[in-house]
Protein chains: 2
Amino acid sequence: MSVDLIQALTDIVGEKGMLTGSDVSQRPDAWMGAATCQAKAIVRPASTEELSAVMKLCHQNDQTVTTHGGVTGLVGGTLSQPSDIVVSLERMRNIIEVDEQNRTLTAEAGVTLQAIQEAAEAAELFYPVDLGARGSATIGGNIATNAGGNRVLRYGMTRDSVLGLEAVLADGTVISSMSKVIKNNTGYDLRQLFVGSEGTLGIVTRAVLRLRAKPQGEATALVAVERFADLSKLLSLAEAGLSGGLSSFEVMWNDFYSLVTSFERHKAPLEASSPFYVILETQGKSNELEQARLEELLGEALEQELISDAILTQSVSERDKVWAIRDDIEALFSLAPLHGFDVSLPIAAMDDYLRKLRKQLLERWPDSACIVFGHLGDGNLHIIIGKIPSEDKKAVERLVYGGLAPLGGSISAEHGIGYEKKPYLCCSRSDAEIALMRTLKQAMDPKKLLNRGKVFD
Amino acid sequence: MSVDLIQALTDIVGEKGMLTGSDVSQRPDAWMGAATCQAKAIVRPASTEELSAVMKLCHQNDQTVTTHGGVTGLVGGTLSQPSDIVVSLERMRNIIEVDEQNRTLTAEAGVTLQAIQEAAEAAELFYPVDLGARGSATIGGNIATNAGGNRVLRYGMTRDSVLGLEAVLADGTVISSMSKVIKNNTGYDLRQLFVGSEGTLGIVTRAVLRLRAKPQGEATALVAVERFADLSKLLSLAEAGLSGGLSSFEVMWNDFYSLVTSFERHKAPLEASSPFYVILETQGKSNELEQARLEELLGEALEQELISDAILTQSVSERDKVWAIRDDIEALFSLAPLHGFDVSLPIAAMDDYLRKLRKQLLERWPDSACIVFGHLGDGNLHIIIGKIPSEDKKAVERLVYGGLAPLGGSISAEHGIGYEKKPYLCCSRSDAEIALMRTLKQAMDPKKLLNRGKVFD
């Protein structure tokens, strides 16, 4: 890259928009990444127009570009090379509008998820996507990776909350599909093409988000389940019985529940003797009503023998204690070295898949541990495999991912492919599908400038 | 087209799979179409493999192909030319699987929507997409057009119920993305690319649909509203108060309600003196519970003066009478010649848009009528303009569509673009968006064989 290009980029975004030298090398290049950013410069446009001019220039000069949002991804999607330019959306963080009547929020891509949630809340509305990194993760990054999180069961992924978006293509063209309407059958849904494409087809600059009615109350229960097949029956009963109020259905396998509640900081609300534990949460009109609905549901589930025991939390602190079990990832560190996976597969296939996986793991690594929990309602399992040395990572990955392909499972339910999971894309997608992805990439970014080396080669 | 190609196609699909001559010309080419199908042949493959072979052959011979599902579209998307081959999916009508545990249904594209609904029902589950043409419309056509219908507010469009699909590309390549999982962030979402592309990017052959918990009860109310701004407040109150149970929020403007209830076959449940009427429907656990929830909601809405009057229906026959008002499209025929529109726009902009439109219509056609009703919860309005001669159709279209562009509205909320709305695509989509659609079409179907002349040229 010539000095001329740096200068020309500075002319576009100004001194304030340009970081070079140690301002680049001191930045992390991934979430909790040990390494730091490698790039010729970090370009920080203040507007779509500036970014469009930046991309035009990069396109003319065959300059590769990696995009940074909040850099909270888990699959190396933001890694850059010394020859890259990094584009960061960090100066585009305006919430442009909250339209209370239409219940939409329009924002620039660099706004954090938390800022979006708070702006919705201030208007007595609700943006349902939520995840742990909310304070750093940006809405642009959420869109680029189709972020999921804790409430997918009821409200869907980020894909389902994006009504409109604007993106800059590799050649600087601005595609503005800033629709505020829910129904819009006018030609191809370009919006959906960008969502989840991990910055390889365009750089998201603005979005119109759908807001929802704010839940006024909630109720939470922890239940014990004795048979795997009863989990999906319980899920059906809960969806029907709570009339659309069900917002979480989180399953913990016994190994997870036993391990976590063995730590003194938790007091197990239910004895750790059942094979499955489920956190049920319903959101709705008032705490009292949701409590009553959930109580009735638990009664029915007990009567139908779908659950063997249940605790309906009676206070915020009781509720928080139940969720603290589910969220205590730290407890798993006792099993280090850890290998974490985020997969999804049909519920009907889960039990067999996990049995087989556990057997294979124990055959090869007799001391290993396989801890499972997840958003069962979405078919999404987190599998944490412990006590296997780091050098065996690839062998573990092959076991976990290899078993998914014949079941139509997904090697990445939420986290995306990025750089880390690229070798395993073929476990979830066919040759014809990957070829079609390449066709689309070739059509939209023939010079392969955007996030080169990510998702597929 | 040479006889050799017909023979070669017959070799693939067999005599039974091939219609020519009067078997072609006796078929309608559109819903209630006066004209009949024009095509060299109708090819009816019995499997994806057969269709793949058909498309390979057509591709080698530069043969254009128009696809037929149930032929119930409203925008001429199934019109064909004498030089075309029509591919009909009518022999691919197997329901392959209902997976009760995973709550998915896998079907071939030619299965009717009604058969899908009934198969779900038989498994005590629920496929939420519903529309009037359910008995003829096929799931393949629903997917190709991203069909909407009566329950979008709660369950989304067809797009939101398709977990996986399989399609045959213009060159015969089979893209099989038959995922049964809800969360699958592994590369580009090819599924979403085909949904709503109206047969121009590929021919859908199979799909995996997401089923839901079956509602066990419901309640319906009709209310009168005095101010436009109160409609969205009522919508918010209903969404929050009914805790996700709200399944319909249908608004009728006074002109619609007055006209329809002036016919003797209806007895107006509420006097026709308010500017707006809304049908509220909630679905959930039992009739008794939904009735109680809706009653409480109506009380609050009255207290907050968001509604001036309300009737909570007390029986199936009372409920049917309320819906019969909303569904009585026949009553509008008294205003023939009619021009019907299916638009969407931000709720906040509706009142002004309609005032302006009515004014413009009356200025030019003093005797004209403008009748409005629709799925306000989705931003979707049906506008029926009457007593304007057919030869003025284009002038009416320009008025209706022209006013939408500056508001970010959509000229087609549900019905698609097809052939009829092609001239107005630019009212809803920018030049850059349409150029990108062309880029995608060029990449996936460079010979423009699939549904040529539809959506855009």
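This is a predicted model: local features need pLDDT of at least 70, side-chain atom pairs count only at pLDDT 80 or more; totals for chains, interfaces and linings use all residues.

User: How do you know that chain A and chain B are related by a two-fold axis?

Analyst: Chain B can be laid on chain A by a turn of 180° with a shift of 0.0 Å along the axis, and the RMSD is then 0.0 Å. That is the relation of a two-fold axis. The contact surface is shared by both copies, since 100% of the contact residues of chain B recur in chain A.

User: Which residue of chain B comes closest to the rotation axis?

Analyst: B:Gly244 does, with its C-alpha at 2.3 Å from the axis.

User: What makes up the side of chain B that touches chain A?

Analyst: Residues count as in contact if their C-beta atoms lie within 7 Å. By that criterion, 77 residues of chain B are in contact with 77 residues of chain A. The elements of chain B that give two or more residues to this side include α6 (152–155), β9 (174–177), α8 (228–241) and α12 (347–364). α15(B) gives the most, with eight residues.

User: Why is α8(A) described as largely enclosed?

Analyst: A residue is buried if 20 or more other C-beta atoms lie within 10 Å of its own. Ten of the 14 residues of α8(A) are buried, so the helix is largely enclosed by the rest of the structure. Among the buried residues are A:Leu231, A:Leu234, A:Leu235 and A:Ala238, and also A:Asp230 and A:Glu239. Their cover includes β12 (217–225), β13 (246–253), β14 (276–284), α10 (287–303) and α12 (347–364) of chain A, together with β11 (212–213) of chain B.

User: How do you know that the length of α8 of chain A agrees with that of a helix?

Analyst: The helix covers residues 228–241, and at 1.5 Å a residue its 14 residues should span 20 Å. Its end C-alpha atoms are 20 Å apart, so the two values agree. After α8(A) comes A:Ser243, with a positive phi near 50°.

User: What makes A:Val278 stand out in the largest nonpolar core?

Analyst: That core has 263 residues, and A:Val278 is one of the four that touch the most other members, along with A:Val223, B:Val223 and B:Val278. Leaving aside residues up to four places away in sequence, A:Val278 touches A:Val223, A:Val225, A:Leu231, A:Leu234, A:Phe249, A:Glu250 and A:Val251. In soluble globular proteins, nonpolar side chains tend to be buried together.

User: Why is A:Asn146 called buried?

Analyst: The cut-off is 20 or more neighbours; A:Asn146 has 25 C-beta neighbours inside 10 Å and therefore counts as buried. A:Asn146 lies in the loop between α5 (139–145) and α6 (152–155) of chain A, and its phi is positive, about 50°, although it is not a glycine.

User: Why is B:Val71 also called buried?

Analyst: With 23 C-beta neighbours inside 10 Å, B:Val71 counts as buried. Its place is the loop between β3 (65–68) and β4 (85–88) of chain B. B:Val71 has a positive phi near 55°, and it is a residue other than glycine.

User: What makes the peptide bond from A:Ala336 to A:Pro337 a cis bond?

Analyst: The omega of this bond is near 0°. A:Pro337 lies in the loop between α11 (316–327) and β16 (338–344) of chain A. In chain B, the bond from B:Ala336 to B:Pro337 is cis, with omega near 0°.

Definitions and conventions:
Residues are numbered from 1 along each chain as its sequence is written. Chains are lettered from A and ligands numbered from 1 in the order in which they are written. Helices (H or I, at least four residues) and strands (E, at least two) are DSSP runs, numbered from the N terminus. A residue is buried if 20 or more other C-beta atoms lie within 10 Å of its own, exposed if 12 or fewer, and partly exposed in between; C-beta atoms are placed from the backbone. The expected span of a helix is 1.5 Å times one less than its number of residues. Two residues are in contact if their C-beta atoms, placed from the backbone, lie within 7 Å. Copies are superposed by least squares on the C-alpha atoms of residues with pLDDT of at least 70 in both. A nonpolar core is a set of buried Ala, Val, Leu, Ile, Met, Phe, Trp, Tyr and Cys residues joined through C-beta atoms within 7 Å.
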